[in-house]
Amino acid sequence: MVTHEDILNIANLAKLSVSPEELDELTKDMNEIIGFANTINDACPQATDFDNINGLSNAFREDIVVPSYDREEILKNAESQDEGYFLVKKRM
Amino acid sequence: MTKYELVCGLETHIELATKTKIFCSCTTEFGGDPNTHCCPICIGLPGTLPKLNKRVVEYAILAGLATNCEISRISKIDRKNYVYPDLPKAYQISQYDMPLCKNGWVELSNGRKIRLTRIHIEEDAGKLVHQRGNTYVDYNRGGVPLIEIVSEPDIRSIDEAKEYLEKLQLIMRFIGVSDCKMQEGSMRCDVNISVRPVGSKEFGTRTEIKNMNSFAHMAKAMDYEINRQIDLLESGEKVVQETRRYNEEEDCTESMRGKEDAHDYRYFREPDLVTIQVSEEMISELKKKLPELPQQKAKRYMEELGLPEADALLLTQYRRISEYFEAAIKGVKNPKTVANCMIGQMFSRLEGDGAKENFAVKVTPENLNALVRLLDEGKIRMNLLKATLEKMLDTGKAPSELISESDMGGLDPDALRAACEQAIAANQNAVSDYLGGKEKALKAILGAVMKATRGRADAIEAEKLLVQLIKK
């Protein structure tokens, strides 16, 4: 069961504020979402290894340098930039 | 008063010396204008896919082999979630419960083994510059490959912590997986510290000091933190589990934030990267690449070559130095002479760790070898060897270019005898002074012999012969 405390903790980690009205609703929603995902466990309780369903391993790349992108390209979508840096509001 | 002991474990981050980043082909070169070593993968744009650099896996396994770790045959990669601008994706790609290496150890000079819990691979974060109320973000370092080496809480003193870190640095440099420069941030560590009454089996509450970037700061921060914790316990208060930082100006540690629990990082498998399977062949291939490690080398220099411990340690400080030494001693009678030349005359010309690491001297090991062989063959004496080495260090010339045939060949016994007889004949006053009990007078006669032979005579032999001849 997902509790109010779980939601507040997750909200805190995601730096979101949650009002008391939203809290009830989000807790209910989250329980439904997790309940839905649990259907998979109910369907095949034996399966433990879903992570390698494609059977692939060791998809490696050789250590060879390829030129990086132009900085203008890299910064193109930045909301704010200065002197070649991404600029964000100070936090913490 | 209760006596306390330190319980300490280190998490050491080491940047791997690969050419490219861990999940994309951007360069890992240090420095560069901000955001010029970046691509859509390492700035975390949606729709991009990371692809693992094979050399990162190889280097991490080498690091594990060199520190007595078990290498996991199956390993996976996970996402560690936290929100901070140094991570453009809001998660760091790392390894959680299936690291590449585990259960290793590093041995200290006092014989204690510091156990290693694990070594895992992960990506470095970007660099933040806080100024004018804003944060400037440079992702050049973002995605540079790291290994994190986690030790068990086996360290019991500040000296042990320093030695452990020095050993790691030495080993990683030797096997060539990192340059481990603390001042450039390619090696940095977090120190976990708690104290407990001596004899107690339980651990106290620990704090973690983040991002130590020099040996000196680490020692100071540990000293402050140990005393802070003891003071708290002595006054009946509790140590709070938290993350702290070292404040260089005030020389103290200060609270950064409460320690987030591991599950707050909400680790889960990185769905974009497949399992790493390490085969026996891969491990045995890498084992072949593993050079003799500094500790073994130093031991061999002492046991097989008869070097004193201090010399052996100095010559195994950096891989280049030991390679130079090994090339220079080939076929020489006394390796100690080569060691003396290097540690004395050569080291004194190298300033700083960087110079020693590169061991960029003008003399090739072959030329040093040739010079020492001349001494072995009795063709030159120690004083001429030293003077010639100085000239070689200045000019980079071979000994054959600097020592003429007439300087070489030493002196055969007859020539030495003749020179001594002449010197005695020419210095009769000194001879009678010597016979009258003035020991020092002999030096004047010896000086005449050395002058006449232009330093080719062996001073000890000449002195013996002079005494014989005078007393006849």
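Student: From which domains of chain B does the lining of the second largest pocket draw at least three residues each?

Tutor: The lining of the second largest pocket draws at least three residues from each of domain 1 (4–283) and domain 2 (292–402) of chain B, where the domain bounds come from an automatic or database domain assignment. That assignment also gives domain 3 (413–471) of chain B, and the C-alpha centres of domain 2 and domain 3 of chain B lie 33 Å apart. This is a predicted model, in which local features need pLDDT of at least 70 and side-chain atom pairs count only at pLDDT 80 or more, while totals for chains, interfaces and linings use all residues. Residues are numbered from 1 along each chain as its sequence is written, chains are lettered from A and ligands numbered from 1 in the order in which they are written, and side-chain values use heavy atoms, with hydrogens and water left out.

Student: What makes a residue part of the lining, and which lie closest to the centre of the second largest pocket?

Tutor: On a 1 Å grid over the protein atoms alone, a pocket is an open set of points with protein on both sides within 12 Å along at least five of seven lines, and lining residues have an atom within 4 Å of a point. About 1,100 Å³ of space lies in the second largest pocket, and of the 41 residues that line it, B:E166, B:K167, B:L170, B:P294 and B:Q295 are the closest to its centre. The most is given by α2(B), with 7 residues.

Student: Why is B:K333 called exposed?

Tutor: Exposed means over 50% relative accessible area, buried under 20%, and partly exposed in between (1.4 Å probe, protein chains only); B:K333 has 66% relative accessibility and therefore counts as exposed. B:K333 is placed in the loop between α7 (319–328) and α8 (335–346) of chain B, helices being DSSP runs of H or I with at least four residues, numbered from the N terminus.

Note on methods. 1 Å grid on protein atoms, 1.4 Å probe; cavity = no way out; pocket = protein on both sides within 12 Å on 5 of 7 lines; lining within 4 Å. Points joined across faces, edges and corners; volume = space filled by probe spheres on them. Helix = DSSP H or I, 4+ residues; strand = E, 2+ residues; numbered from the N terminus.
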